Amino acid sequence: QVQLVESGGGSVQAGGSLRLSCIASIDGTSNYCIGWFRQAPGKEREAVATRYTRDVVTYYADSVKGRFAIAQDNAKDKITLYLQMNSLKPEDTAMYSCAADLSPVPVCPSDPTTYMYWGQGTQVTVSS
C-alpha cells in the first residue's frame, strides 16, 4: 500500500508562485509513475505533470508548460515529489492531488484513471 501526503497549497494572486510537496512511501529505486493531477469544480480531473521514479522523462499538460516544474527527491523508503508553480493564473485554481502507480516501463500515462494510489489533495486558489 502506497501512502501519499500533499502539502503546500494555498491562496495566491495571479502571477504568483506556489510549491506543492508530496511525500510518497515509495523507494526511489522502484518502478512507479508518479505525478500531479488537478480537478476544478465542475470539471474532470486532469494530469498536470507526471514522471517516472527512475527516469527524468516528464510529461506536462500544455496549459502549464513553461510555468510549472516537477521534481523528485529520493530518501530511504520515500520520495518527495514537488510541483513548482510559477506565473499562476485564475484558471489554475483547483484541488491538486499526487498519485502513483506501479509501472514496469518508463511510460507514464496522463489518464488519471490508470493511477491506483492517491493523496488527499491540497487546494490551490488563484485570484485575479
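Q: Why is the meeting of the side chains of Asp 77 and Lys 76 called a salt bridge?
A: A salt bridge needs a side-chain nitrogen of Lys or Arg within 4 Å of a carboxyl oxygen of Asp or Glu. For Asp 77 and Lys 76 the N to O distance is 4.0 Å, so the pair counts as a salt bridge. This is a predicted model, in which local features need pLDDT of at least 70 and side-chain atom pairs count only at pLDDT 80 or more, while totals for chains, interfaces and linings use all residues. Side-chain values use heavy atoms, with hydrogens and water left out, and residues are numbered from 1 along each chain as its sequence is written.

Q: What makes Lys 76 count as buried, partly exposed or exposed?
A: Buried means under 20% relative accessible area, exposed over 50%, and partly exposed in between (1.4 Å probe, protein chains only). Lys 76 has 72%, and is therefore exposed. Asp 77, at 46%, is partly exposed.

Q: Why is the aromatic pair of Phe 37 and Tyr 115 called edge-to-face?
A: Rings of Phe, Tyr and Trp (its six-membered ring) pair if their centres lie within 6.5 Å; planes under 30 degrees apart are stacked, over 60 edge-to-face and the rest tilted. The centres of Phe 37 and Tyr 115 are 4.9 Å apart and their planes make 65 degrees, so the pair is edge-to-face. Phe 37 is buried at 1%, and Tyr 115 at 5%.

Q: How do you know that Arg 45 lies over the face of Trp 118?
A: A charge sits over a ring if NZ of Lys or CZ of Arg is within 6 Å of the ring centre and within 35 degrees of the ring normal. Arg 45 lies over the face of Trp 118 at 4.0 Å from the ring centre. Trp 118 also belongs to a cluster with Phe 37 and Tyr 115, linked by ring pairs.
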